[in-house]
2 protein chains.
Amino acid sequence: MSDDTRHRPTRSEEDLAEPTYRHGVVALLGVLAYGELVGFLTIAQEAGFAPSSRDKVTLARVATQEFAHYEGLARRIEELDADPHEAMAPFTGAVDDWHRRATPTDWVEALMKVYAGNSIANDFYREMSDLVDPKTRQLMRESLEDSSQVEFAAGELRRAIAADKKLAGRLALWGRRLIGEALSQAQRVAAENDELMGLLVDTGSGYGLDLGDWMQMFTRLTDAHTARMEALGLSA
Amino acid sequence: MSDDTRHRPTRSEEDLAEPTYRHGVVALLGVLAYGELVGFLTIAQEAGFAPSSRDKVTLARVATQEFAHYEGLARRIEELDADPHEAMAPFTGAVDDWHRRATPTDWVEALMKVYAGNSIANDFYREMSDLVDPKTRQLMRESLEDSSQVEFAAGELRRAIAADKKLAGRLALWGRRLIGEALSQAQRVAAENDELMGLLVDTGSGYGLDLGDWMQMFTRLTDAHTARMEALGLSA
């Protein structure tokens, strides 16, 4: 988070009385909730590639954590007097598209999706959590994945790359595709949804990022992705 | 359970000191654990067919329950000084085959697999739980699915059949395939595994079913399936 952003005014619980802010939060929680729900479904699906029952169990645990996050986000949406399914509806197309465009074809690609994809999502969560009231922020931070699954995926990937040098090129390409699709869908989601855009970007409310901050955030997400790819010895 | 079976001697905690019995229980828990693990994975996969986010959430909840059962069974295997993954290994082929042969091609077939498939598994659990010591029995009974998901699937199926009469024929066929594959894989699993067979069928231990009881149990499973299909207005 840049210094500039850190000094922007932050939202309080009382702001939830303001319909524009509340609708923005519901929209943000809606996209995150649908992301967790479909994340659950796709990780469980990708566990089908897992070569052993041990790996299946590891991925199944990751998936059930995502579903627990979904349930927490859905409860918060209800607390804000909205329906989780209505809140998710505007975002199902973009999230489904991201998974369709980023469908792994084997176990190492599935691992990379856990490693790179979940990390990008975590970084995005953390950035966005600065823009909301404390209770919503707390919930969003709890939804940050614990790092054990990312470490598991990184360890497996390192082993796979060491055993088969040709993998590095393919995985570097696949990582580039994952970040590209993630950022393009994230920008599409925000651009298409006025309530969400109004929350995240300051278009007169005095809160949120200015457009420069917004673009800088995407730069930070990309830089963090590059560092993660390099940590595997891959060109980003 | 037939009266005859009910009067057979039952196992106690102390019997776990006997290696043959303990290995039999570990084998039974192994096949059940792998069944829950893959049940988790396939239900999550089949939720991909769900037409709405509401239905996806319902199936995701079913799936996470299965994983919680897996975790309970795996813990019990460890309590019995065995490794869950080694315990599951002899059964992965048969369980994977059952899912491969019973892969739904759309949402109504996925619902039928929940309705018919999980009910058969529940009935089988209940029958087998009579053959083990009280603590293992208690765990197996806790692993019986709560009926809400079966009712959900039955309700959706009734609605779908009412809306499209042609579905009845296709679903009746599909139901027949599910029970046929389930029973044939169950018999194959028991026949191929001496430890499991020794637990379930009395081949000199004085415990377990005699071969007549064993066949009667399959008849009961089939009858219950027929009744469930008829409850949907389908020929079984």
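Modeller: Buried means under 20% relative accessible area, exposed means over 50%, and partly exposed lies in between (1.4 Å probe, protein chains only). This is a predicted model, in which local features need pLDDT of at least 70, side-chain atom pairs count only at pLDDT 80 or more, and totals for chains, interfaces and linings use all residues. Residues are numbered from 1 along each chain as its sequence is written, chains are lettered from A and ligands numbered from 1 in the order in which they are written, and side-chain values use heavy atoms, without hydrogens and water.

Colleague: Thanks! Is E181(A) buried or exposed?

Modeller: E181(A) sits in helix α9 (residues 167-192) of chain A; helices are DSSP runs of H or I with at least four residues, numbered from the N terminus. Beyond its neighbours within four places in sequence, E181(A) touches W98(A) and R101(A), a contact being heavy atoms within 4.5 Å. Its relative accessible area is 14%, so E181(A) is buried.

Colleague: How far apart are the end C-alpha atoms of helix α3 of chain A?

Modeller: This helix covers residues 53-79 of chain A, and 19 of its 27 residues are buried. The expected span is 1.5 Å times one less than the number of residues. For α3 that gives 39 Å, and the end C-alpha atoms agree, being apart by 39 Å.

Colleague: Which residues have the most contacts inside the largest nonpolar core?

Modeller: A nonpolar core is a set of buried Ala, Val, Leu, Ile, Met, Phe, Trp, Tyr and Cys residues joined through side-chain atoms within 4.5 Å. The largest one has 167 residues. M112(A), for instance, has contacts that include L157(A), W174(A) and M229(A). The residues with the most contacts inside the core are L28(A), M112(A), L28(B) and M112(B).

Colleague: What kind of axis relates the two copies?

Modeller: Superposing by least squares on the C-alpha atoms of residues with pLDDT of at least 70 in both copies, a rotation of 180° with 0.0 Å of shift along its axis brings chain A onto chain B (RMSD 0.0 Å). The two copies are therefore related as by a two-fold rotation axis.

Colleague: How many salt bridges are there between chain A and chain B?

Modeller: The contact takes 21 residues from chain A and 21 residues from chain B. A salt bridge is a side-chain nitrogen of Lys or Arg within 4 Å of a carboxyl oxygen of Asp or Glu, and R54(B) and D83(A) form one at 3.5 Å, N to O. Between chain A and chain B the count is four.

Colleague: Within chain A, how close are the N and O atoms of R100(A) and D97(A)?

Modeller: R100(A) and D97(A) are three residues apart in helix α5 (residues 92-101) of chain A, so about one helical turn separates them. R100(A) is exposed at 58% relative accessibility, whereas D97(A) is buried at 18%. In their salt bridge the closest N and O atoms are apart by 2.7 Å.

Definitions and conventions: Helix = DSSP H or I, 4+ residues; strand = E, 2+ residues; numbered from the N terminus.
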